[in-house]
Amino acid sequence: MPPDAAAVHAAERARAAFEDQRPLVQDPDLAARIADIGREALAGTPLLAGREGEAAPLREGWRFAVLDDPEPEAFLFADRTVFVSRGALAALPGEPALADLFRSAATTFASGAFRPETAGELVEQPLSLVLPAEPAAGSPADGVPSRHRWVALLDGLLFGQPAEHGMADGRDLLLPRADFRLALPDRGAFEPAARGVFRATRNGEPVGLAVREIPAAGSGPEGGNGVPAHRARLAGLGARLRDAAAREAAEVTVLEAFRVRGFTGVRGRLHPAGEGDSGEAPEQVPGLMALLPARESLVAVSLDCGRRRFDACEAWFLELLGSADRLWDTPVPGPLRITAVGAGESGSVREALGRLAAEGRIDADLAAVEFLNRGWLEETLGPEERVLILSRSREGTASGAGGKQR
């Protein structure tokens, strides 16, 4: 039961709007290889086969494209278009799993998924596809040739968010568009949580800290000098801080201005809506939030104190805010990319990754790199065979484009 003409026509309109909002990875070689895998997968999909002695028209006219998006997603339209994100490519365990995804898309297409259950209604497009965690047993293209092709396919592909949306570099957080940086105290480390949002850990455990860059529009009058203009800017920042707290069902108290290295911001305590400074139970320690104008953005820093003592939590928060600074002429690390490198010595993939990490050649957590190679971690490699790591250029700039590095 393939889609009818109405569903296909609706798909063409919906796909045009989808592509306007979701940019593609601009890499012809990557697109060609993905299309090859797609065509090979569809050739083995029974529901697309024609009757004996007849052509198989449902296998023709398919299009496969890669979204420039770090989220692991895949979508299907009724006009035989499949979108898979670069985040999905990084999340899949290898070429057999991608082929399984494409076969699943073809089966969905031919199984009546786009046929409306109620007359006169059309199924909303696109349909989301479920990524296979592992390839199905006995999937074609398994083994060493498949691994070699997959490593070559992912080599140079952008991993995570583009650099201009900020980057976590150990205990440092760099926001190039805002010309802004923060440094965590002691054993902390920043980690990306979503586009433009970063969280922090200490010894691998979350600490309740979130940092995000938001548009500065509406934060109050920007022009003018003197005391009245300065007060107006602070009032605008205070209003934005209260609005940000309200979106988290909280209220701000003890609102005050602060200044650090040329940044003038506002900070306050957060309480669940309806509570104030007095009477909170010991387990309901206030949270903290600050807003700092940086270039044409606002940087929001919030900390959930949890069950920690409030004075210790506030001291840690103030120490963090005290690290705020401009980037000045510090080289901004380039975007994090998936990179294929030689193992260097014979042994298992797991051993090779551990050795590369010990040599400082991996610019990410070892667990993330092992995840990229999880389809063959225990396989034995020769010294010239390649594994996937994550690396970034230290001479890069914030304008690194998505896609594969040429």
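Predicted model: local features only at pLDDT ≥ 70, side-chain atom pairs only at ≥ 80, totals over all residues.
**The disulfide**

- A search of the whole structure finds one disulfide, and this bond joins Cys 305 to Cys 313 with an S to S distance of 2.0 Å.

**The largest pocket**

- The largest pocket has a volume of about 1,100 Å³, and of the 36 residues that line this pocket, the closest to its centre are Phe 159, Glu 191, Pro 192, Leu 336 and Ala 368.
- Several elements each supply at least two residues of the lining of the largest pocket, namely helix H3 (86-91), strand S5 (167-169), strand S8 (188-194), strand S9 (197-202) and helix H9 (366-372).
- Strand S8 gives the most to the lining of the largest pocket, with six residues.
- By residue type, the lining of the largest pocket divides into 21 nonpolar, seven polar and eight charged residues.

- The side chain of Glu 213 is joined to the side chain of Ser 297 by a polar contact of 2.8 Å.
- When neighbours within four places in sequence are left aside, Glu 213 is in contact with Leu 175, Arg 177, Ala 178, Gly 196, Ser 297 and Leu 298.

- Pro 293 has its place in strand S13, made up of residues 287-294, and it counts as partly exposed because its relative accessibility is 30%, a value to be read against limits of 20% for buried and 50% for exposed.
- Thr 264 and Pro 293 are 29 residues apart in sequence, while in space their C-alpha to C-alpha distance is 7.1 Å.
- Not counting residues up to four places away in sequence, Pro 293 touches Leu 237, Phe 263, Thr 264, Gly 265 and Leu 298.

**Backbone features in loops**

- A cis peptide bond, with omega about 5°, joins Gln 125 and Pro 126, and Pro 126 is found in the loop between helix H4 (95-110) and strand S4 (127-128).
- Asp 179 has a positive phi, near 50°, in a residue other than glycine, and its location is the loop between strand S6 (172-175) and strand S7 (180-183).
- Asp 179 is also buried, because its relative accessible area is 9%.
- Arg 261, likewise not a glycine, has a positive phi of about 45°, and its place is in the loop between strand S11 (250-260) and strand S12 (263-272).

Notes: Residues numbered from 1 in each chain as written. Heavy atoms only, no water. Polar contact = N/O pair within 3.5 Å; in protein donor to acceptor, adjacent residues only side chain to side chain. Contact = heavy atoms within 4.5 Å. Disulfide = S-S within 2.5 Å. 1 Å grid on protein atoms, 1.4 Å probe; cavity = no way out; pocket = protein on both sides within 12 Å on 5 of 7 lines; lining within 4 Å. Points joined across faces, edges and corners; volume = space filled by probe spheres on them. Helix = DSSP H or I, 4+ residues; strand = E, 2+ residues; numbered from the N terminus. Nonpolar A, V, L, I, M, F, W, Y, C, P; charged D, E, K, R; others polar. Buried < 20%, exposed > 50% of the residue type's maximum accessible area, 1.4 Å probe, protein only.
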